[in-house]
Amino acid sequence: MDSAILALEDGTVFEGRSFGAPAERFGEVVFNTAITGYQEIFTDPSYTGQIVILTNPQIGNYGTSTADNESARPYIEGLVVREFSAITSNWRSDEEARAFLSNAALPVVSDLDTRSLVRHIRSKGTMRGVLSSIEKDPAKLVAKARAIPSMAGLDLATRVSTSAQYRWTETVVPCSPSEVIGVANQPRYHVVAYDFGIKRNILRRLVHSGCDVTVVPALTSAEDVLALKPDGVFLSNGPGDPEPLTTQIGNVQRLVGKTPIFGICLGHQILGLALGGKTFKLKFGHRGANHPVMNHLTGKVEITSHNHGFAVDADSFSDNDIEVTHINLNDQTLEGFRHRREPVFCVQYHPEAAPGPHDSLYLFDDFVRLMSEHGKRK
Amino acid sequence: MPRRNDLHRILIIGSGPIIIGQACEFDYSGTQAAKALRADGFEVILVNSNPATIMTDPDLADRTYVEPLTRAYLEEIIAKEKPDALLSTVGGQTALNLSVELAEAGILDRYGVELIGAKIDAIKKAEDRLLFKDAMRKIGLETPYSQLLTDIDGGLDFAARRGYPCILRPSFTMGGSGGGIAYNREDLLTILERGLDLSPVHEVLIEESALGWKEFELEVIRDLADNVIIVCSIENFDPMGVHTGDSITVAPAQTLTDREYQMMRDGAIRCLREIGVDTGGSNVQFAINPKDGRMVVIEMNPRVSRSSALASKATGFPIAKIAAKLAVGYRLDEIRNDITKVTPASFEPTIDYVVAKIPKWAFEKFPGADTTLGTQMKSVGEVMAIGRTFKEALGKGIRSLETGKKFGSETFDVNLIPQKLITPTPDRLGYLRFAFRSGYTAARIHEMTAIDPWFLEQLRQMVEEEVALETGSLETADRAGLMRAKRMGISDVQIANAWKTSELAVRTRRKELGVAAVFNRVDTCSAEFESFTPYLYSTYETQCEANPGTRKKVMILGSGPNRIGQGIEFDYCCCHASFALQGEDVESIMVNCNPETVSTDYDTSDRLYFEPLTLENVLNIVDVEKPDGVIVQFGGQTPLTLALPLKNLGVPIIGTDPANIDLAEDRKLFGKLLEDLQIPCPDNGTATSADEAVEIARRIGYPVLVRPSYVLGGRAMMIVYDEDSVRKYMREAVSFSQDRPVLVDRFLEDATEIDVDALCDIDGDVLIAGIMEHIEEAGVHSGDSSCVLPPVSIPESEIKTIEEYTIKLARALNVIGLMNVQYAIKDGVVYVLEVNPRASRTVPYVSKATGVQLPKLAVQLMLGRKLRDVTHYRDRLPVPLTFVKSPVFPFNKFPGVDPALGPEMRSTGEVMGVGHNFGEAFLKAQLGAGTPLPEKGTVFISVNDRYKPEVAAIAKRFADLGFELVATRGTASLLQAAGLKCKTVFKVNEGRPNAVDLLKAGAIQLVVYTTTGALSFEDEKSIRRSAITYRVPCITTMSGARATVEAIASRQRDPIRVWSLQEIHAAKS
């Protein structure tokens, strides 16, 4: 049996069975508590630079299916699971999950005590680590882990962004003859979406809600965006620390007031920084599909999908025009805000789900409504 | 939306006796609801006819009524207590139906009682098949093509159009009672006729078959602000076609992608909103076609259910407790998650382990019953197991079942594999493994069973590992190999079998190699937050989260899965033991594997280990906890089997010494003891061969009672009248008794049986807790006999003798804690039948009747305290009023089985009736048991010769009460000779019209039909079966007939009156 080792910067070492490609990758070690949706996690560009632990112990059961990809390829650096399925069982599957990861030359370690590892990270905080199915000397791997550059201060969003502008037209497709999706709206609004590592389901949801979407690279200037005559601008999710993204923040500052803006995740953080707020790194982040978020506008709780290591400090805004709209009920962190005067709103979590509950899909329609109202005002 | 302050008094209706399809999961939900509401300052009025429940403890409610769950009695209680609201959703289908009935009869309105939890419209929309289908169509959810039938023709027409197989489900019956799958016209006619009859509204739904589709269930909770969460997803291992209650189920769902899961989640939420369940928990069942993903909704329950109990235990999210709080106005985000303390209840639990539930059946109790599993639930209990992987959970679950058969000792037949795989029966899981061993491929098995390939692959890996182990040995074992096996859920016993060594040798070797179990926590959040609740399961990982305490601690071994003969009564005892320990400032540690129970609520004990009750698993806990004492006398037979092995390994058992518990089971030693004490017992002997048994029977004389030692519930117990039967019995029973001998006793015909529960302390001071007189004569298992407390026909002199014997026995066996003795009185002589130095099935009943918590006293005694210090009662507990306990039988689930009572216990549950006189108490008990006695009408009487002398007196009493008499020729001429007016009717084999015809025509309201003793003839069977089918009470003993007369007299004489336990026992405390 081939083994694989996960070594953390604090010297902790976990060993398991190698279930992926012979490879060695490093990154920040984070955990996700969602029960379903491993494929969406693998392919979410926000996981760039991260080795992901899945707390659901049975992974790979249903294989992978092209329709469920959130981007063109897996973005995680490596995968840590308790047990990886030897077979695939699902009517939609077109590839084994193991092959899907191996083809991307990713190291996978299984048969590892993921719970103890998660408890360790929960108490010590997120840390750097190396996952290797090549190197067998734990001491060497620990040394490598300590040498990994910190994620703080890295502009990962630009690295994963598209290099060229493109148009997105694919909408949400039912996964079963019985899935009720609702009738897709005709494209009525032109949305320019900044790609900081955008998930496909955001694009599909925008289209479904009636948007004609143009995706632009992360560093596209505000002026170039406005030249596309958008009805609204979307700021996508993406990996890493928002603070070093000064160019993007500057562009957003120049867009506020000019056009309706909707931001998700990193997009929300960039908006927060652009509007004068501050961000900070969470101890071990929010990654899962079960977070309760209170929507103060409706007074209702939404069960939401999360994937973020940084957050906007709700108390950091000096601007009275910022209205907190969403709060996480687990730890009271900021999950969404809007501008009182300008057509700008954003959420930290993932209303597009994929994976996760659909409780917050209404936000895409809210964006469309905002563009509609703004258009009338113009 | 905070707590509603306009409500003060809330009525909770329980689910009544334990029956198939409705078991102690509703004791769990009712108890949780009562606790939650009272903790919030509400006054709770609780009604349940089942005295064995924890919820009917006077401590858990302000007013507790153990009264029949019927409209008339509920109205009386409502009139007396004037509750503001009725919580209808925590007492199963029984409570829901009764709530609808009370609402529709205008009773709730009349007394100003608000229905909370689910409103009447929502209940109807969910329960009425057609309304439900319309509602689902409206929100875009598909349901199987179907039609509501009210007659046979409609069914034939549907089948002609849609083809076979089709599924039949009677409306408003629980556990799918009366339903089935029709593969052909004959099936259709049989099932439809039965279903129409069983449905209270005479409706049956016929449905397109989704046989072989994947089956799922979601547990959903909604609050008044329309916040909705999914607590848990459950996937059935057995595909559609097997009732969920009879399926192995797995949480969380294993084979759905996020897209498919979210489609189901969206559907479940839409379903709840459309049905209009305002608050509380519901479950929604779905089927998915594995070929194209088409999804249909099967059903939804607008109340907490068996699955919600399972989901609560599987995730640590207490659904019933939360549902109760939501019903009184709270929002999900206003309720805290008990386990993490920092997060709210408005989240969806996520788990980092796998849970498997496996049902337990009792077909061995019902010879002739059809063991095929279909849409009607047939299992009597279930186990749940938690493991880090499905394989580990399944392995632990299989061991939790306590099949009594050693692993690997089951016999399988290669030729039967196809049949056993294709037709689901309780044997299927065993045969699946055997099929892999016999070289079947997963593909072939999938073709035969439609079980998802992922599950089959897990089984295949387990079998592969087991086979690989067979080439190993104790000496060649290595750490990695053992670790792999243990992580697959393979037990030490299995490894020992493979290595031809002992379980303990494997254990020792394993620990030498550093392969030891650790304990993980059930924390609702996959370790994202710290857990403050020690709710634990064992697994083979690197870190132990048990974090044992340092206070004095005592571990209680629970009773495992419900089965006939060992059920909720023992859970009652275990829970009370736990409460008592806490009261004595001792940390209580519970070990059990039954997800339905109150004992496996993480709130019940200081620490909960959800583990199989096997030596291996218990020792693992002992290793970590190092308890100061282990209690084995409250969990029925299950912990007793472990008592001696544990003691021999130095585990401190408190209370009666296991050696003495064993002594009471050892016929030779026990016989010697009785001789020394000069206490008579029926002549007896022990046999290990047929010849020996015959020899003993010849010596002591027929009839004899034969049974294996060490069983509960009269398993394999029989009265035999001749040598042939003894030989036949020995051939069939020895396989059950393994190396334990068969006991042969002289059977005392027509004796009166007495049950005694007593307490004894370390000084030999004895308190007689209850002396119960059985209403059925000796020969009917004590668990199947109605009994009355205090006794009604035993002279004081005999009672004195009984007390004297009981004290002698308690002292001789050095009982510390509880003891139960069974006596028989024949011709003025008191015989001891058996002694059980442990808590008995009657402990909760006696506790409710006397107002004294017997298990609590017992625990205090086990901790070394003296009787005189823990209670002011001396000698015998007084009993105010009269209390009758009556059994409830599952015969309506097993067509073709003879319902005659005998020494093998077959009841699944019990009820209690309270009265000023015996008749009243018995009447209520019968009502509670679902066999209301008629006030007037015709009695059919047929008795065998033995009873002819007494029959006229009883018949006269019926006549005096205004009943008409009908009898078969022999009995009729006797009655006519006694001057009674009596019609004559043919016996079934004589001609027509016969008694069965009259039953069918509704011309008979009561049947008195005694057994002939030796053999039960087809004629008798058909009458008794017909009585059950047409719901006519059928009395099979003379003593039962006498009691029935008293009850009917009470019905005509006494008003409907109810007493709460608090009123009855007001003088105490």
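Predicted model: local features only at pLDDT ≥ 70, side-chain atom pairs only at ≥ 80, totals over all residues.
I started with V354(B) and looked up its bridge partner in β16(B), which turns out to be G387(B).

Next I checked how the two strands pair. β15(B) and strand β16 of chain B, residues 381-387, run antiparallel and are joined by 7 bridges.

Then the other neighbour. Strand β12 of chain B, residues 249-251, is joined to β15(B) by 3 bridges, again antiparallel. For A251(B) I find V355(B) as the bridge partner in β15(B).

Is β15(B) covered on both faces or on one? Both. On one side I list V354(B), A356(B), I358(B) and K360(B), on the other V355(B), K357(B) and P359(B), and all of them are buried. For the whole strand, residues 354-360, my tally is 7 of 7 buried.

I moved on to chain A as a whole. I count 10 helices and 19 strands in it. Its C-alpha atoms fill a box of roughly 65 × 50 × 40 Å along the principal axes.

Does the radius of gyration of chain A agree or disagree with a compact globule? It agrees, because a compact globule of 378 residues would come out near 21 Å and chain A has 20 Å.

On burial, 67% of the 378 residues of chain A count as buried. The accessible surface of chain A is about 12,700 Å², with 49% of that belonging to carbon and sulfur atoms.

I also looked at contacts in chain A between residues at least 6 apart in sequence: 75% of them join residues at least 24 apart.

Last, charges. Chain A has 37 positive and 43 negative ones, and their mean positions are 1 Å apart.

Methods
Residues numbered from 1 in each chain as written. Chains lettered and ligands numbered in written order. Heavy atoms only, no water. Buried < 20%, exposed > 50% of the residue type's maximum accessible area, 1.4 Å probe, protein only. Helix = DSSP H or I, 4+ residues; strand = E, 2+ residues; numbered from the N terminus. Pairing = 2+ DSSP bridges. Rg over C-alpha atoms; globule rule 2.2 N^0.38 Å. Contact = heavy atoms within 4.5 Å. Areas by Shrake-Rupley, 256 points an atom, 1.4 Å probe, with all protein chains shown as cover. Lys, Arg positive; Asp, Glu negative; His and termini not counted. Charge placed at Lys NZ, Arg CZ, Asp CG, Glu CD.
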